[in-house]
2 protein chains.
Amino acid sequence: MTLKQLEAFYWAATCRNFAVAAQRVNLSLSSLSKRIAELETSLGQTLFDRAGHRAVLTEAGHRLLPQAHSLLAAAEALRAGMAPAPAELRGRCRFGVGELSALTWLPRFIKALGVRHPALAVEPVVGVGAVLERQLAQGGLDVAVIAGRSSHCGIASQPVAEAAFVWCAAPEVLPVGVRLDAAVFDRWPLVSQPAGAGTTRLIDDWLRAQRVPEVRRIDCNAWGAVAGMLVEGLGVGILPEPWARARATEGRLVLPAARPALAGLPYAVHWRRDDTRPLIAALQAEVAAAVDFAAARY
Amino acid sequence: MTLKQLEAFYWAATCRNFAVAAQRVNLSLSSLSKRIAELETSLGQTLFDRAGHRAVLTEAGHRLLPQAHSLLAAAEALRAGMAPAPAELRGRCRFGVGELSALTWLPRFIKALGVRHPALAVEPVVGVGAVLERQLAQGGLDVAVIAGRSSHCGIASQPVAEAAFVWCAAPEVLPVGVRLDAAVFDRWPLVSQPAGAGTTRLIDDWLRAQRVPEVRRIDCNAWGAVAGMLVEGLGVGILPEPWARARATEGRLVLPAARPALAGLPYAVHWRRDDTRPLIAALQAEVAAAVDFAAARY
DNA sequence: CGCGTTTACGCCTCACGTAAACATC
DNA sequence: GATGTTTACGTGAGGCGTAAACGCG
């Protein structure tokens with residue numbers, strides 16, 4: 001029995017499938033399979049039931065799982081406690097972010113990360129918050145920076161920054177001085193993000209507070225397109241505040257008064273609570289310092 | 001960092017020297033040295049100071065030691081908890097016993113052990129209790145069955161049996177019916193075991209209770225020789241009760257009345273408290289069932 | 001036929017032991 | 001020189017990935 005075998009077992013048991021787990025432990029699928037087989041012979045117990053379409057934990061596997069985790073966590077703590085200096089990170093890191101992050105702080109962050117950790121292969125994965133969260137839970141991502149806190153108890157999160165959004169529309173849609181209220185949405189559709197995005201929750205909360213019953217929506221998963229559609233006068237929507245203000249000074253967008261003002265959208269680093277790799281703790285700190293939604297827009 | 005490296009480190013740190021530790025982990029001296037070197041580079045810390053004649057723990061090594069032990073213990077517990085059946089023991093086992101054990105229950109025990117655990121290489125080491133205890137503490141022995149409980153806090157023990165001894169002497173030394181008292185020792189020397197033997201403590205306690213001030217002694221570390229000397233009328237001494245009775249029925253020894261009677265000498269399995277190998281727990285049970293000082297004498 | 005896991009096979013690292021060297025007392 | 005640890009070196013096991021095979025929906 002080795003720590004590597006236990007590690008392979010743990011992630012195989014808690015990821016969506018062996019392939020995802022193999023990526024996480026930097027192993028080929030076949031090697032992962034063999035390590036688990038080795039562990040099984042070493043313990044004299046079958047840990048996975050391979051009868052069905054997918055490998056599923058046996059009773060012995062379920063018994064082993066928490067023990068394996070605590071042993072791995074202890075080993076990690078030992079390693080961290082002994083290390084003379086924060087180690088340089090290495091291996092693959094799948095990093096989930098929303099599109100807004102991808103367009104603001106992410107590029108600079110990836111660059112800085114590459115300088116500090118040349119051996120770390122970061123793979124940014126841009127997607128909608130809800131999807132990223134599921135991928136995180138299933139092992140497809142190592143960390144994700146998404147809006148809000150997770151409802152999933154296996155996922156831990158740490159707030160890092162708040163993004164500000166404002167309502168906006170083209171002047172021909174909302175003449176200067178017009179207040180935004182429920183009546184506006186009778187005449188104009190809402191240009192918004194797809195379900196599962198953090199901003200969608202933000203908008204829904206606002207609409208509910210305003211008792212706006214039903215809204216026509218134009219959903220788009222690309223902020224660039226959303227901004228373009230708003231400028232073109234297709235409807236009313238929200239944009240990150242710095243972007244909206246830039247367009248407003250050019251006279252291409254109007255920022256109507258809205259009460260209550262849109263709440264800030266809190267972003268948090270998310271990670272699997274059972275992931276004790278030093279990678280996680282280190283990234284958490286690095287991300288916290290880097291997130292800045294006012295940064296350059298690409 | 002691997003469990004094997006930590007194991008090598010732990011025993012290297014707590015045994016008398018690397019050579020002893022190497023035997024315990026079934027490794028050559030050079031391989032042990034390399035494993036420790038690997039661990040040092042893996043942790044980025046020097047664990048042993050090799051400047052002097054012997055390798056001595058550095059500050060980092062001292063920090064690591066308890067953590068390594070708890071991790072190894074956890075790994076062992078996991079292994080034991082998962083094992084479907086008590087595993088067959090394997091490897092080398094240095095087994096310390098007093099000479100009395102060597103002449104009574106030990107041979108039969110070694111035979112039985114060989115049947116149940118063919119892959120276990122048992123090496124009986126016969127010696128005086130105090131010496132065995134020191135070897136145990138320094139890693140030279142895995143377990144020892146010796147008289148009394150250990151005073152050393154790093155050594156755990158579990159009582160297994162009591163051996164009975166009786167005073168005896170040749171008829172020409174102590175005619176039948178003569179009581180044993182202090183006066184006898186003015187005329188005859190005490191034939192006893194060397195300092196550090198369990199029976200020596202037993203005798204000293206008795207002499208002190210009888211207020212016998214000073215005694216001439218003939219010490220010998222071989223029971224066979226002691227018995228022979230007693231039969232030859234060289235002095236007064238103690239023998240295991242079954243042996244003495246056998247000689248008494250032949251009329252070659254006399255068993256004088258003695259008040260108080262000699263106390264029984266309790267024997268216990270001893271092992272290093274920090275030794276979490278399954279070997280120890282298994283042997284403890286096996287030994288407890290096997291020890292019998294009334295068994296055949298060889 | 002797609003998805004998920006295992007088997008087959010060749011490569012190559014690395015862990016091992018023997019033996020010699022080195023260092024300290 | 002005795003004791004204790006490391007270095008040098010040749011060997012073999014086994015961990016690795018690629019690619020093919022297998023087995024279930």
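The axes of helix 4 of chain A and helix 4 of chain B come within 10 Å and cross at roughly 175°. Axes here are lines fitted to C-alpha atoms, for helices over the stretch in contact, and angles run from 0 to 180 degrees between N-to-C directions. This is a predicted model, so local features need pLDDT of at least 70, side-chain atom pairs count only at pLDDT 80 or more, and totals for chains, interfaces and linings use all residues. Residues are numbered from 1 along each chain as its sequence is written, while chains are lettered from A and ligands numbered from 1 in the order in which they are written. Helices (H or I, at least four residues) and strands (E, at least two) are DSSP runs, numbered from the N terminus.

**Where the chains meet**

- Helix 4 of chain A and helix 4 of chain B are roughly antiparallel to each other; that label goes to angles over 145 degrees, with under 35 called roughly parallel, 65 to 115 roughly perpendicular and the rest oblique.
- Across the whole meeting of the chains, 19 residues of chain B are in contact with 19 residues of chain A (contact: C-beta atoms, placed from the backbone, lie within 7 Å).
- Helix 4 (residues 59-82) of chain B gives the most to chain B's side of this meeting, with 11 residues.
- That side of chain B splits into 12 nonpolar, 5 polar and 2 charged residues.

**A helix pair inside chain A**

- Helix 1 (residues 3-14) and helix 4 (residues 59-82) of chain A pack at about 125°, and their axes are 9 Å apart.
- That makes helix 1 of chain A oblique to helix 4 of chain A.
- Their crossing is left-handed, a word used if the near helix is turned anticlockwise from the far one by less than a right angle, with clockwise being right-handed.
- Leu3(A), Leu6(A) and Phe9(A) are among the contact residues from helix 1 of chain A, and Leu64(A), Ala68(A) and Leu72(A) are among those from helix 4 of chain A.
- By class, the contact of these two helices has 11 nonpolar, 2 polar and 1 charged residues.

**Two open sheets in chain A**

- One open sheet of chain A has 5 strands in the order 4-3-5-11-6, with mixed pairing (two strands pair if DSSP finds at least two bridges between them).
- Strand 4 (120-126) and strand 6 (155-163) of chain A stand at its edges, each with a single partner strand, so one side of each has no neighbour in the sheet.
- The twist of this sheet averages 20° from one strand to the next.
- Strand 3 (residues 91-97) and strand 5 (residues 143-147) of chain A run parallel, joined by 3 bridges, and Phe95(A) stands opposite Val143(A) in strand 5 of chain A.
- Helix 6 (residues 106-116) of chain A lies across strand 3 and strand 4 of chain A, running at about 170° to strand 4.
- The other open sheet has 4 strands of chain A in the order 7-10-8-9, and its pairing is mixed too.
- Its edge strands are strand 7 (165-168) and strand 9 (217-219) of chain A.
- Strand 7 and strand 10 (residues 236-240) of chain A pair in the antiparallel sense over 4 bridges, and Trp167(A) has Ile238(A) in strand 10 of chain A as its bridge partner.

**Around the DNA**

- Of the 22 residues around DNA strand D, Ser28(A), Ser31(A), Phe18(B), Ser30(B) and Ser33(B) come nearest (near: the C-beta atom, placed from the backbone, lies within 6 Å of the strand).
- Helix 3 of chain B gives the most to the surface near DNA strand D, with 5 residues.
- This surface divides into 7 nonpolar, 9 polar and 6 charged residues.
- Around DNA strand C there are 22 residues, of which Phe18(A), Ser30(A), Ser33(A), Ser28(B) and Ser31(B) come nearest.
- Helix 3 of chain A gives the most to the surface near DNA strand C, with 5 residues.

Key: Contact = placed C-beta atoms within 7 Å. Nonpolar A, V, L, I, M, F, W, Y, C, P; charged D, E, K, R; others polar.
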